[in-house]
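Subject: Structure for you to look at

Hello,

Here is the structure I promised to send. Please open it and keep it on screen while you read my notes.

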Amino acid sequence: MSAPVLPDLSGHFGRYGGRFVPEALVRALDELDAAYRTAKTDPEFQAEFRNLLVNYAGTPSLLYRAERLSEKLGAEILLKREDLNHTGAHKVRNVLGQALLAKRMGKPRVIAETGAGQHGVASATAAALLDLECVVYMGETDTERQALNVARMRMLGATVVPVTNGSRTLKDALNEALRDWVASVDTTHYLLGTAAGPHPFPEIVRDFVGGIGIEARRQCLDQIGRLPDAVAACVGGGSNAIGIFHAFVPDEDVQLYGFEAGGDGVATGRHAASITGGSAGVLHGARTYVLQDSDGQTVESHSISAGLDYPGVGPEHAWLHDTGRAEYEPVTDAEAMAAFQLLCRTEGIIPAIESAHALAGAARIAPLLREELGRTPTILVNLSGRGDKDVHTAGAYFGILDPVETLVPGENS
Amino acid sequence: MSIAEIFHKARAENRALLIGCMPAGFPTVEDSIASMLAMHQAGCDVIEVELPYSDPVMDGPVIQRASDIALARGVRTRDTLKIIEAVSNAGAPVVLMTYWNPIEKYGVNAFARDLAAAGATGMITPDLIPDEAGEWIAAADEHRIDRTFLVSPSSTDERIAMTVAQCRGFVYATALMGVTGARTAVSSQAPELVERVRHANPGMPVGVGLGVGNGAQAAEVAGFADGVIVGSALIRCVLDAPDKATGLSRLRALSSELAEGVRNPAK
């Protein structure tokens with residue numbers, strides 16, 4: 001059975017997706033859609049994009065067999081090393097693609113929203129490379145917890161605007177970027193950071209990051225001679241997850257797992273698990289799963305990872321969840337931080353706290369898969385980003401920011 | 001009286017209609033009712049009640065702050081319906097302006113039913129375009145709620161024609177590319193947009209919103225549109241006032257000034 005080609009022409013993944021936006025943005029979305037349709041089939045655009053990915057961003061990223069971690073977890077763990085890309089995350093793929101599109105549409109200015117700062121840094125990078133003006137909206141709270149990334153963006157020539165509305169986090173940065181766009185669509189491309197928002201963004205972002213899964217699939221076949229039993233990725237807005245899932249969707253024997261930010265635990269209400277702890281609704285231009293109260297007001301999300309701290313999720317994930325093709329589970333802050341430390345200590349890799357959610361999830365499903373399959377399972381984990389930006393958060397969490405070493409190996413896990 | 005009838009009455013008087021906006025429950029449920037009635041008594045023909053929402057992407061800082069205050073005090077969707085009922089019972093025609101998610105959460109058909117029962121004549125949906133509005137269009141028809149969609153200077157002629165065809169009561173023309181908030185000058189894009197709407201349907205009343213804040217601007221817009229929609233400037237009267245009485249008196253004064261403006265359109 002072949003899966004339907006989604007989204008449909010009006011941007012729907014089943015009942016999800018679509019366009020819930022002010023009319024003022026429709027023309028810009030139509031223009032973007034038309035520009036993308038042409039670019040998608042234009043060999044010149046594709047060659048330019050591929051050239052930047054290979055010669056600038058450093059892809060294909062490695063597929064690394066994590067031997068010591070595999071031993072610990074009782075599963076073959078393959079890490080898709082997106083943390084090794086330029087700017088340290090999968091996001092560089094999306095921003096390069098969209099910045100090229102902005103150029104193609106003749107728009108000299110890009111705006112972006114950012115939570116952890118990773119998408120902001122990636123956008124500022126692409127804008128510098130392609131000579132575009134760049135303005136990044138960032139919740140005031142996030143500018144404080146990610147000061148280093150704010151400095152990076154400014155070094156790259158971007159203007160960072162701290163957003164003081166609402167909860168002063170990613171959700172409000174997104175609102176502010178949309179408002180800017182309503183007033184500036186003639187000259188500005190909104191370089192949206194995740195596979196969410198109004199059509200055609202979820203499709204465009206998915207396609208630009210889709211190389212992750214295409215590469216990983218080929219690398220699996222080359223390196224182990226078969227496909228993995230499961231693919232695990234963290235899900236905030238969901239771009240890295242859709243990027244690695246997409247190529248595997250038709251492979252029905254490959255189980256897809258999205259791990260959401262469970263914060264203090266979904267039952268506590270302090271979390272960012274939109275699918276497992278939210279309900280269907282409309283936010284930021286699309287119908288999807290949303291954290292909301294019984295009146296449809298958005299509820300503030302919480303996660304130790306600023307990059308996952310978002311009360312919505314891309315509409316394609318909502319659809320993959322409803323159809324049962326992918327499974328979504330919450331991972332708490334504590335579980336993620338234990339996995340974070342485990343990867344540091346077993347493999348010498350400091351992951352982004354986002355990616356640590358995927359690792360924690362892989363650790364959880366490993367024994368279940370072993371039992372189900374009756375053999376050692378192979379789990380492909382998307383290591384979506386590196387942890388440099390999270391050193392302060394992780395250091396505070398583990399209590400190791402003092403000059404005197406207080407952490408005893410093996411403790412605090 | 002339906003919103004279309006109110007527009008036709010104003011047209012017969014050779015003037016534009018004044019629509020004044022206030023968020024429900026700002027700063028409290030009782031105070032918002034008092035504000036809306038004061039606006040009506042001082043000359044606002046129609047009260048646009050805005051349902052406070054956590055993520056109002058079409059609104060500028062003034063409306064968002066007022067909505068945040070209402071939400072922080074615990075205002076709920078059912079309070080908005082109560083406010084509409086009170087204002088409408090007091091004789092002021094009401095249209096609701098609301099972002100889409102709260103309506104979907106309430107239940108689209110149930111909301112249309114309860115909105116009609118509360119006495120509202122219409123509903124304006126800033127983030128719901130006709131393309132996604134199938135369920136709403138059916139529910140609004142069933143419960144006889146006029147539906148107002150937005151057109152923008154960036155809308156193509158095809159989209160204007162499609163949108164106007166789905167509107168009942170009046171069309172909301174956003175005067176400029178931007179969000180709500182009073183501006184120092186009326187947008188030069190507005191007259192052309194109104195003209196384009198008239199071209200699509202000469203009989204459909206057009207209300208112009210975004211950027212109007214004083215009597216002179218109201219008169220200017222009244223010179224080319226059927227309705228003048230004012231929000232942020234009115235809300236600011238309450239937001240910036242040192243006390244309730246001052247807020248109400250400023251609200252009355254500005255409403256009168258605007259009402260005077262729509263009665264003396266600039267030629």
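First, a term: helices (H or I, at least four residues) and strands (E, at least two) are DSSP runs, numbered from the N terminus. On that basis, chain A has 16 helices and 14 strands. Its radius of gyration (taken over C-alpha atoms) is 20 Å, close to the 22 Å that the globule rule gives for 413 residues, so chain A is as compact as a globular protein of that length. The globule rule is 2.2 Å times the number of residues to the power 0.38.

Some ground rules. This is a predicted model, in which local features need pLDDT of at least 70 and side-chain atom pairs count only at pLDDT 80 or more, while totals for chains, interfaces and linings use all residues. Residues are numbered from 1 along each chain as its sequence is written, chains are lettered from A and ligands numbered from 1 in the order in which they are written, and side-chain values use heavy atoms, with hydrogens and water left out.

**Chain A overall**

Along the principal axes, the C-alpha atoms of chain A fill a box of roughly 55 × 55 × 50 Å. Of its 413 residues, 63% are buried. Buried means under 20% relative accessible area, exposed over 50%, and partly exposed in between (1.4 Å probe, protein chains only). The accessible surface of chain A is about 14500 Å², with 52% of it on carbon and sulfur atoms. Such areas come from the Shrake-Rupley method with a 1.4 Å probe; for residues, only the protein chains shown count as cover.

Contact means heavy atoms within 4.5 Å. Take the contacts in chain A with a separation of 6 or more: residues 24 or more positions apart account for 74% of them.

**Chain B overall**

Chain B has 12 helices and nine strands. The C-alpha trace of chain B spans about 45 × 40 × 30 Å along its principal axes. Buried residues make up 64% of chain B. Its accessible surface is about 9500 Å², and 51% of that belongs to carbon and sulfur atoms.

**Where the chains meet**

The size of an interface is often given as the accessible area lost when the parts come together. Here, chain A and chain B bury about 2900 Å² between them, 46% of it on carbon and sulfur atoms. That buried area uses a 1.4 Å probe and is summed over both parts. The contact takes 33 residues from chain A and 35 residues from chain B.

**Places to visit in chain A**

Start at Val254(A). It sits in the loop between helix H11 (239–245) and strand S10 (255–263). Is Val254(A) buried or exposed? At 2% relative accessibility, Val254(A) counts as buried. Leaving out residues up to four places away in sequence, Val254(A) touches several residues, among them Leu227(A), Phe248(A) and Arg325(A). Val254(A) and Arg325(A) are 71 residues apart in sequence, yet 9.7 Å apart in space, C-alpha to C-alpha.

Next, find helix H13 (residues 315–323). Its buried residues include His317(A), Trp319(A) and Leu320(A). Just after H13(A), Gly324(A) takes a positive phi of about 80°.

Now go to Gly106(A), in the loop between helix H4 (91–104) and strand S5 (109–114). Gly106(A) is exposed, with a relative accessible area of 57%.

Most residues other than glycine have a negative phi, and most peptide bonds are trans. Here are some exceptions.

- The peptide bond from His199(A) to Pro200(A) is cis, with omega near 10°.
- Phe26(B) and Pro27(B) are also joined by a cis peptide bond, with omega about -10°.
- His284(A) has a positive phi, near 50°, and is buried at 6% relative accessible area.
- Asn14(B) has a positive phi, near 60°, but is exposed at 64%.

Where is Asn14(B)? Look in the loop between helix H1 (3–12) and S1 of chain B. His284(A) lies in the loop between strands S11 (279–283) and S12 (286–290) of chain A.

Best wishes

Technical notes: Buried area = accessible area lost by both parts, 1.4 Å probe.
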